[in-house]
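Me: I'd like to learn how to read a model like this one, feature by feature. Can we go through it together?

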Amino acid sequence: MGRYTLRRLLQLIPVILGTTFLIHFLVWNLPGDPFAGRCGERPCNPAYIERMTELYNLNDPLIIQYGKYLLNLLQGNFGEDFRGVPVAETMAEVWPNTVKLAVVALSIEIIIGIGAGVLTGLKRGGFLDNLVMISTLFLMSLPVFVIGYLLQLTLGLQLGIIRPTVSPEMPWSELIVPGFVLASLQVAFTARLTRASIAENMRADYVRTAVAKGLPRRRVVGVHLLRNSLIPAVTFLGTEVGALMAGAIVTEGIFNINGVGQTIYRGIITHDATAVVPMVTVLVLVYLLATLLVDLLYAVLDPRIRYE
Amino acid sequence: MTEMISTQSRPAGEAGRNYSGSLLEVDNLLVEFHTRQGVAKAVNGVTYSVDAGETLAVLGESGSGKSVTAQTIMGILDMPPGRITGGEIRFRGVDLLKLPEAERRKIRGAGISMIFQDALSALNPVFPVGWQIGEMFRVHRGTSRAEAKKKAIELMDKVRIPAAKQRVNDYPHQFSGGMRQRIMIAMAIALDPEILIADEPTTALDVTVQAQIMELLAELQRESNMGLILITHDLGVVADVADKIAVMYGGRIVEHASVHELYANPAHPYAKGLLESIPRVDQKGQELYAIKGTPPNLLRMPSGCAFHPRCPYRRDNCVTDVPPLYEVDGSRRSACHYWREVLDGTAG
Amino acid sequence: MSDPTALQPGPVTTDAQATTESQATAPVGKPSSLWSDAWHELRRKPLFIISSVLLLVILVMAAFPQLFTSVNPEWADLKKSLQPPSSEHIFGIDIQGRDVFARTIYGARTSILVGVLATLASTLIGGLFGIVAGYLGRWADTLISRFAEIFLGLPYVLGAIIVLSTLAPVSSDPSRLRIMVIVILVMALLGWPILMRISRSAILAVKHSDYVMAARGLGASPMRIVFRHLLPNALAPIIVVATITVGSYIGVEATLSFLGVGLRSPVISWGLAISEHANYLRTAPHALLFPAAFLSATVLTFVMLGDAVRDALDPKLR
């Protein structure tokens, strides 16, 4: 396990280097004037150009630019927004709220997604199975912001069951609907993936062995079958963390949650590309670390991976 | 659930204790598979029995119903599509098919246990082997984790896995094929079952390893006096270990005999064909015999004797009349109208 | 016999029947049984039939919006702003006083155009790289695979936000054509690695098969091997993924436009319409709900279609 962890860490380094280089290159070094059109109709004012040139060392050769940029990133210096407030400061302030929302979303994803997947995988073709297959098809097709507005309109504005926007104290109960909105797509995928893998593993020889050992059915399903069937769902979780973050931008915008997503959303609306790019860059780094974490979890669940 | 088995190691209960018949009796078992194309009669009136310390070899090609019979005994048949439409399976005189599932479960693994052909897929890939062996004690006997692990190591020693203590936490994929089958065996004999069903236990293994596994099984059987049902398609495997043989074809037993009788002089054309298709040293250079034709389609069984399309002894009534199990002598049976001719070796 | 489920007919029968039928009906000289099998299986699938009909409607809508509405989607009457649906304007009026129905109909063109072109572009880039990586192997494979990994390290929408807020800053005012080209190119730029992986593994799967070896042994040129033997085998999984990708790209375009970094006025886009009316959800939900419904139905169509095509072409893909 130690060696596997080390190897995964080592594999992550070139990806982090490449991705950050790609971002830096696309933002500042595409052919043409990087400041053309950045400040609306008018050309950018010289003070702004000067500050950006200094902040990102735009006068240096590309490789040195990037080296300095990377060094800044490593020191937690992600850049500044339009008013000169460090992005890291803003992020640190709103981060806990996003984590809170993500915890709710992830719990919903696991409880509903895996629960529905297991139930339908064990008993395919029934009423519940058809219901889940059709509703997941819809969840997969509705963009996050459509689901968000639909629920805000029906549950919040028309029925009055929930507050249309989350209050600043962020009580857990008010996060359930935004959490579901954020998790909606992943719930659908998780349910389908789990269903397929339960159905496949149910015919596996080791499940038959477990029955032949005289284990009670709930142990056969709950221990032997489930542990194996969760592996694909967990790996999927890793690849979808990125989509979850993009979803957070939309969800937090809709439900007025003062998190990272809303900060980015506000940055886009107020035309503050200067702040949006570094903030999204932080999300990308978090995403890469999350995939590493999921990879390790994968190895915990499936011993065959560790000894590859 | 645990006390019942630990205080009284004979799980079939008092009623079964004084039973005078065989330890395990399969009586006129009928199993069907319901498919969209029709009903496949996979097991069609199979009857056999095993006693303590006895080895019954069930011989037949794939589709003969030998594995389905075994799965039905274990109660691990997939239902649906499978369906048991008749017969009894008596363990110590108690019909397993009439037992409630909770009672049935206690017998599985403790009274009757089973090992499978492909140990790699039959063992759970995500749990350590020691954990999987120990699970038998934890679930059936309520043993503590530590104690179960100790017992697992003892069992791994018993089936001669080198350095058992170091390997108890390893996973199935870290073992060789032969070692994995030993782990499977350790798990199956953990609770001293009275009957062990081995479903093609050596088919997936190298020839040298095959012999070791068979030796191990024979030795374990001698030690614990359990009844062994050995399911195989390979006549060579059974010669040394089996006491009696049931040859199956198309869901029926076509010949039932002691090993010596069958090897010396088979009384059914199919068994005869099987014997003649084994390469033998004294026939070096001669062309090897092969049974002509293909195994029967279970959905469209031939009329009369299922073997008639492939049979060199076929006569007209073979096409119309299903042969009963004729008594040849003693416990010997043959499902051939012309078993006398087969015994004499005079082809139709 | 040890596996009684082997007796279950399942797809085996339909396959067998499909083969015999297709052999009977397929014109001579068309041996590609995978495709005719797939077609015969698809034709009796309700999922496929429903989604094809929907797709046809959407495509007609995109090509000939005039067939559905005679109202000019640009025509605005501010006095009518946010009027609810009426017999005259069945979907109501939007914030700028424009007819929601007309704008929703015309929105199909944008969505289809962006979704299909972006998919096409990423399929071409990804497919080409995948074939090269899979066929050449060695250093070419390593290089391309590592390169793709870097792009995969950039989550789709997040990456698009970064690139788009640079290439087409929110405050800028690019022309209709320019912004569409930029959005399509950015989506292709970020999307190609997935299609590269699919085609690469499809190529690898057949590269070492006996018949490719035989063709090589007989002296077939690399071009011939790629186009005659490798490409046809990689096509099935690529088509399946591409179909689903069109749907998800349409959703992505709407999301980006909704966020304000994608398409922008005067382009008519469902995502844009939703974004413009988010603040009037309470007073004028119609201006948001109708485009949202059309958007969801379109994505649903492609997801269903992809599902059906996948089941028919490659049941193992999932």
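Me: How many helices and strands are there in chain B?
Reply: Helices (H or I, at least four residues) and strands (E, at least two) are DSSP runs, numbered from the N terminus. In chain B there are 15 helices and twelve strands. Bear in mind that this is a predicted model, where local features need pLDDT of at least 70, side-chain atom pairs count only at pLDDT 80 or more, and totals for chains, interfaces and linings use all residues. Residues are numbered from 1 along each chain as its sequence is written, while chains are lettered from A and ligands numbered from 1 in the order in which they are written.

Me: And how compact is chain B?
Reply: Check the radius of gyration, taken over C-alpha atoms, against the globule rule, 2.2 Å times the number of residues to the power 0.38. Chain B has 21 Å, close to the 20 Å the rule gives for 348 residues, so it is as compact as a globular protein of that length. Its C-alpha atoms fill a box of roughly 65 × 50 × 40 Å along the principal axes.

Me: What is the strand order in the open sheet of chain B?
Reply: Strands count as paired if DSSP finds at least two bridges between them. Here eight strands of chain B form an open sheet in the order 6-7-8-3-9-10-12-11, with mixed pairing. Strand 6 (112–115) and strand 11 (326–329) of chain B are the edges, each pairing on one side only.

Me: Which way do strand 7 and strand 8 of chain B pair?
Reply: Strand 7 (residues 195–199) and strand 8 (residues 227–232) of chain B are parallel, over five bridges. B:L196 stands opposite B:L228 of strand 8.

Me: What about strand 11 and strand 12 of chain B?
Reply: Strand 11 and strand 12 (residues 332–334) of chain B run antiparallel, joined by three bridges. B:E327 has B:R333 in strand 12 as its bridge partner. The two strands make a hairpin with two residues between them, and B:G330 in the turn has a positive phi of about 55°.

Me: Which domains does UniProt list?
Reply: UniProt positions are in the numbering used here, feature names are shortened, and annotations may be inferred rather than shown by experiment. The unreviewed entry for chain B gives "domain: ABC transporter" over residues 24–275; that span is 39% helix and 28% strand. For chain A, an unreviewed entry lists "domain: ABC transmembrane type-1" over residues 95–298, a stretch with 84% helix and 0% strand.

Me: How many residues does each of chain A and chain B give to their contact?
Reply: Residues are in contact if their C-beta atoms, placed from the backbone, lie within 7 Å. Chain A gives 20 residues and chain B gives 24. On the chain A side, the largest share, six residues, comes from helix 8 of chain A.

Me: And where chain C touches chain A, what classes of residue does chain C use?
Reply: Ala, Val, Leu, Ile, Met, Phe, Trp, Tyr, Cys and Pro count as nonpolar, Asp, Glu, Lys and Arg as charged, and the others, Gly among them, as polar. The contact takes 40 residues from chain C and 44 from chain A. The chain C side divides into 26 nonpolar, ten polar and four charged.

Me: What pLDDT does chain C average?
Reply: pLDDT is the predictor's confidence in each residue, from 0 to 100. Chain C averages 79, and 87% of the residues score at least 70. Over residues 1–30 of chain C, the pLDDT is below 50. The complex has an ipTM of 0.84 and a pTM of 0.79 from the predictor.

Conventions
Contact = placed C-beta atoms within 7 Å.
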